Each structure stands twice: as structure tokens, then as C-alpha cells.
Amino acid sequence: MAGHEPSSWSEELAAELGQRALAAVGLTVTELTTLKFGTIANFKVEDPPLFLKVADPRFRSAESVLERSLQLSAWLEGNGFPVAGAAEEAAARPVAVEGAWAGIWRWQDHRHARPDPARVGQLLRRLHELLTRCPVGLPEVDHFEAARRHAVALGQQGHLEEDAVGFLLGQAERIGSGWDEFESELGVGAIHGDFEVSNVLSTDRGPVLIDLDNAQIAPREWDLVKATPGSPGGWTEEEWQGFATGYGYDVRSAPGGEVLREVRHLRSLVWMLGEPRYADRVEGGRRLLAEWIAAPQKRCSELDWAAERGSE
């Protein structure tokens, strides 16, 4: 490959870079199956069975994100936690390829079924307890400030009209007072950071955790609130009680739980609006924003998120 323009990110380029990354660690591959395409493209490697991530060369934090994810995967597996382990071929390190970065994990055979909520709740509690001695350095993320910063960037990048940005910032200001007053009952520490149902696999050995790219230091309630019913990627109402019982804490009835839900949904909304390469995602975000502007008394979590299960 002679080179590529930064704006040329595509599934084809991601697959080509993925092949080169695998070759760099001594693997020859004939088939990659695309699982998900975005800023980080996900592939299944058929032989040997591996899980491959390839980051857009423009993603400046890709090396550090993948390195943390791989090292944390390796540490958790070494401590007996059911997680997708880093592939030995790459020594739990990201692979540099043509100005981009890739990460390689062992493939996990799984059933295409939702995992048992109670067992997943127990799994998350175990994860939080184990991460109290996590040796991998993780970033601290202020979720509310991230949502507000991204809303401003939407206007600066021309992705959203000035009036719409002003509306989002006004709603963010309303939500911010509650966020400033939030006090964690579970404590602040290392968390998964993107704990959605899709990031837990149903396997013969029980639920297995994947995708640690967003591991961070934050209130532990954040992992719980991302999985609440109505949240993109969350449990159904019927599943929730089993999950909350398994974890031993129901964030929906806890002080400040509603504030976390609002911040989570605000972050999802601005994220959906900010990536013009994914037309369906932007269209869904604009639909939700229009609904909110028409009924500004609503909470962000009360909007019609049912059709937006793939967000954030």
C-alpha cells in the first residue's frame, strides 16, 4: 500500500491494515469478517480464531486506548476473570501499521443470545472488586464536561446549527447542577466504562466480558447506569431486577441515579450527532434532538430511544 489520505477511512482500508498488522506478528490470514465499522473497526479472524481491532489513522489516542485495553485484558485473565484475553502473538501490545494501530485478542466462541442478567450483575460486582487493585493506569473522565465539550464542537465543526447547539448547552446547564452535587455511594475507582449488554458474551463457561477500550476512573454507578432499561445498549425492564439483584445495588432507586441517566443520554445524543460518516446514526440523533426541542420539559432519558439501540 503506497499510502492513503486521512479522509479515506473505509472497511476496505481497515481490512487491509488489519492484514498487515497480523502479518507483522507472524500470522498469515486469508479471511476477515467485519463485525462493526467505526473509528475502530472490529473483525473476526477465521484462522487462527482471533478478534482484531483496527483504528482509523486519524484517531490520535488509538495507541494508548488499545494498549490500556490489551494490558487490562491480560491482567484480568491472569487473575481468573472471564474476559477475552489478549492474543499471545502480539504480547498484549498494540501493533503499529501504516500510521495506524491495531489490537489483537483471542476469539471467544459464544451463543447469539442475551446473557443471564443476574450472572452478569454478579460479574460486574466481581469486576469492580478486582479493579480496586488494578495496576494499569487509567484516565479520569468527567462525563458531564465531555458531553458539554462535544456539544460545543458540533457547532464549531458545522455539524449542528447554532440554535440547536445553544439548546443542548442550555439543557446541559440544567443537568450540570445535579451532576455537581452527585456523591457516589459505591465509590470512585476503575470501571469498565462501556458496560452494555452487547459487551458481555454468552458462552459455555458463563458470561464473558469484552471491550475494555473505555476503562477509566469514575463513579462505579456509571457502569450500572449505562445498562439501565431505556438506555442505548441497556437491559429490558424484565431483565433489570435480576441484574440489579445480582450486583447487589439498584442504581435507578439510588440518590443521583436520574442525574447519571441524564448525563449518559446527553453524551449519547451528542455522540450520535457528531459523526457525519454514519448517516443513519446522525439521522437518529437529529430525530431525538428535534423531539427534545419540541418538548424541552422532557428529560433526555424520556425521549424515544427505542429505535436507537446502537448508540454510543
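A polar contact is a pair of N or O atoms within 3.5 Å, where one must be able to donate a hydrogen and the other to accept it within protein. With that in hand, here is an example: the side chains of His-159 and Gln-157 are joined by a polar contact of 3.3 Å. The model is predicted, so please read everything below as computed from that prediction.

- The space in the second largest pocket comes to about 160 Å³.
- Sorted by class, the lining holds seven nonpolar residues, three charged ones and one polar one.
- Strand β9, covering residues 216–219, gives the most to this lining, with three residues.

**Nonpolar cores**

- The largest nonpolar core has 32 residues, and those touching the most other members are Leu-72, Leu-76, Leu-209 and Phe-243.
- At least two residues of this core come from each of α2 (62–78), α3 (117–130) and α7 (237–247).
- Helix α3 supplies the largest share of the core, namely five residues.
- For a closer look at one member, take Leu-76: beyond its neighbours within four places in sequence, Leu-76 is in contact with Phe-81, Val-83 and Leu-212, and also with Leu-127, Leu-130 and Leu-131.
- Another core, of 30 residues, lies apart from the largest one, and Leu-154, Leu-168, Leu-269 and Leu-273 are among its members.

- His-159, one partner in the polar contact with Gln-157, sits in the loop between α4 (143–156) and α5 (162–181).
- The relative accessible area of His-159 is 22%, so this residue counts as partly exposed, given that buried means under 20% and exposed over 50%.
- From His-159 to Glu-275 the C-alpha to C-alpha distance is 8.2 Å, although 116 residues separate the two in sequence.
- Gln-171 belongs to helix α5.
- Because its relative accessibility is 5%, Gln-171 counts as buried.
- Setting aside neighbours within four places in sequence, Gln-171 is in contact with Trp-292 and Pro-296.

**Backbone details worth a look**

- A cis peptide bond runs from Asp-47 to Pro-48, with omega near 0 degrees.
- Pro-48 is in the loop between β2 (40–45) and β3 (50–55).
- Ala-92 has a phi near 55 degrees, a positive value in a residue other than glycine.
- The loop that holds Ala-92 lies between α2 and β4 (95–97).
- Ala-92 is buried because its relative accessible area is 14%, and the cut-off for buried is under 20%.
- Glu-98 also has a positive phi, near 50 degrees, and is likewise a residue other than glycine.
- Glu-98 is located in the loop between β4 and β5 (100–106).
- With 35% relative accessibility, Glu-98 counts as partly exposed.

Key: Residues are numbered from 1 along each chain as its sequence is written. This is a predicted model: local features need pLDDT of at least 70, side-chain atom pairs count only at pLDDT 80 or more; totals for chains, interfaces and linings use all residues. Side-chain values use heavy atoms; hydrogens and water are left out. On a 1 Å grid over the protein atoms alone, a cavity is a set of points where a 1.4 Å probe fits but cannot get out, and a pocket is an open set with protein on both sides within 12 Å along at least five of seven lines; lining residues have an atom within 4 Å of a point. Grid points are joined across faces, edges and corners, and a volume is the space filled by probe spheres set on the points. Helices (H or I, at least four residues) and strands (E, at least two) are DSSP runs, numbered from the N terminus. Ala, Val, Leu, Ile, Met, Phe, Trp, Tyr, Cys and Pro count as nonpolar, Asp, Glu, Lys and Arg as charged, and the others, Gly among them, as polar. A nonpolar core is a set of buried Ala, Val, Leu, Ile, Met, Phe, Trp, Tyr and Cys residues joined through side-chain atoms within 4.5 Å. Buried means under 20% relative accessible area, exposed over 50%, partly exposed in between (1.4 Å probe, protein chains only). Contact means heavy atoms within 4.5 Å.
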